[in-house]
Amino acid sequence: MDTRPFGGTGESFPILSFGGQRIVDDHDCTEDEAIEIVNTALDRGIRYFDTAWIYSQGQAETRLGKVAKHRRSEMWIATKTWDTTREGALRQLEDSLARLQTDHVDEWRLHNVRDYARLDAFTGQGGALEAALEAREEGVVGHISISCHTDPQILVEALNRFPFDSALIAVSVLDHFMLSFAEEFLPLANERGIATIGMKVLGLGSLTHEVERSLRYAFGLPVSTVVVGMETMAQLEQNLAIAESFEPLSDEERLAFFRDIIPLVRPEKMPWKAKDWSNPTEWVPRGWGLS
């Protein structure tokens, strides 16, 4: 697979990375299957593993930890805090380290900064950013990150407040047409040397009929790497095959892809763009970002 520099960290990773949310019972993936999938991903060259404290009440981290216990030196592990407070975030970090069976994580994210109020809570006095700085000073956290699914301008403001090492952003082809991180955030992040990790590539299942073009679209963006959730060995093999033979979409292919998927750019297909995921019709307030 092609590899790319990971911002200013000095690391480089393959274009395909592992999204760890789906190796859980909720996605009909057993523990034995999860361990086999993660080990195979490592054997085939994937090094970057993304997970979170909140995923399936800790089961996602726990299962990744069963591999990390034996192969930690081969893995870059990124996990997340959901709690916006210093004290709550530190408790979640302790949980994550125990589940992952490690004494440190390479990257720790402020998770799902969906609006400015949440950004204020994370970065304000007594917020989780204070916990991240303390943990980094102690060597428990290597790099400080942030994630956002909704509005790229929230992350622009985040970078004005703190020099985050990386950002996890929604870059599905659907996102191109609504508050586009590719258009509004990636240029700034790359200019500042901040690593960028693409997510939501298959649109929470809306694009599973378009796996190859969806991955080729995302790999073709100027991101550092792309995390894709995989709950079966067949999905891992399919994604590896696309990554290993990757060629960017031509201009003609990209335009044809846009034309084919534009009917899917609607609220019920893009709940991560909503102010409240439980009510996807309540989209964030800015208008359509057609480009």
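In helix α3, the residues Arg86, Ala89, Leu90 and Leu93 meet Ala128, Glu130, Ala131, Glu134 and Ala135 of helix α5. By class, this contact of α3 with α5 has 6 nonpolar, no polar and 3 charged residues. The model is predicted.

**Helices α3 and α5**

- Helix α3 spans residues 86–100, and helix α5 spans residues 128–137.
- Their axes come within 7 Å and cross at roughly 50°.
- Angles under 35 degrees count as roughly parallel, and 65 to 115 as roughly perpendicular.
- The crossing of α3 past α5 is right-handed.

**Helices α1 and α10**

- Helix α1 covers residues 31–43, and helix α10 covers residues 233–244.
- The two pack at an angle of about 20°, and their axes are 10 Å apart.
- α1 is therefore roughly parallel to α10, as angles under 35 degrees count as roughly parallel.
- α1 passes α10 in a right-handed crossing.
- From α1, the contact uses Glu36, Ile37, Thr40 and Ala41. From α10, it uses Met233, Leu236 and Glu237.
- By class, the contact of α1 with α10 has 4 nonpolar, 1 polar and 2 charged residues.

**Helices α4 and α6**

- Helix α4 runs over residues 116–123, and helix α6 over residues 152–161.
- α4 and α6 pack at about 25°, with axes 10 Å apart.
- That angle makes α4 roughly parallel to α6.
- The crossing of α4 past α6 is right-handed.
- α4 brings Tyr116, Leu119, Asp120 and Thr123 to the contact. α6 brings Gln153, Ile154, Glu157, Ala158 and Arg161.
- The contact of α4 with α6 divides into 4 nonpolar, 2 polar and 3 charged residues.

- Tyr116 sits in helix α4.
- Leaving out residues up to four places away in sequence, Tyr116 touches Gln153, Ile154 and Glu157.
- Tyr116 and Gln153 are 37 residues apart in sequence. Their C-alpha atoms are 9.5 Å apart in space.
- Tyr116 has 38% relative accessibility, so it counts as partly exposed.

**Aromatic pairs**

- The structure holds 10 aromatic pairs.
- One of them joins Phe13 and Trp76 in an edge-to-face pair. The ring centres are 5.2 Å apart, with 70° between the planes.
- This pair links distant parts of the chain. Phe13 is in strand β2 (residues 12–14), Trp76 is in strand β5 (residues 76–81), and the two are 63 residues apart.
- Phe13 and Trp76 are both buried.
- Phe18 and Phe49 have ring centres 5.5 Å apart and planes at 35°, so their pair is tilted.
- The Phe18 and Phe49 pair also links distant parts of the chain, 31 residues apart. Phe18 is in strand β3 (residues 16–19), and Phe49 is in strand β4 (residues 48–50).
- Phe18 is buried, with a relative accessible area of 0%. Phe49 counts as buried, at 0% relative accessibility.
- Ring pairs link Phe6, Phe13, Tyr48 and Trp76 into a cluster.

**Positive phi angles**

- Most residues other than glycine have a negative phi.
- Ser56 is not a glycine, yet it has a positive phi of about 50°.
- Ser56 lies in the loop between β4 and α2 (59–71). At 17% relative accessibility, Ser56 counts as buried, because buried means under 20%.
- Lys200 is not a glycine either, and it has a positive phi of about 60°.
- Lys200 lies in the loop between β9 (195–199) and α9 (211–219). Lys200 is buried, with a relative accessible area of 14%.

**Glu138 in a loop**

- Glu138 is found in the loop between α5 and β7 (141–148).
- Glu138 has 61% relative accessibility, so it counts as exposed.
- Glu138 and Glu183 are 45 residues apart along the chain. Their C-alpha atoms are separated by 36 Å.

Terms used. Residues numbered from 1 in each chain as written. Predicted model: local features only at pLDDT ≥ 70, side-chain atom pairs only at ≥ 80, totals over all residues. Heavy atoms only, no water. Axes fitted to C-alpha atoms, helices over the stretch in contact; angles between N-to-C directions. Helix = DSSP H or I, 4+ residues; strand = E, 2+ residues; numbered from the N terminus. Left-handed = near helix turned anticlockwise from the far one by under 90°. Contact = heavy atoms within 4.5 Å. Nonpolar A, V, L, I, M, F, W, Y, C, P; charged D, E, K, R; others polar. Parallel < 35°, antiparallel > 145°, perpendicular 65-115°, else oblique. Buried < 20%, exposed > 50% of the residue type's maximum accessible area, 1.4 Å probe, protein only. Phe/Tyr/Trp six-rings, centres within 6.5 Å; stacked < 30°, edge-to-face > 60°.
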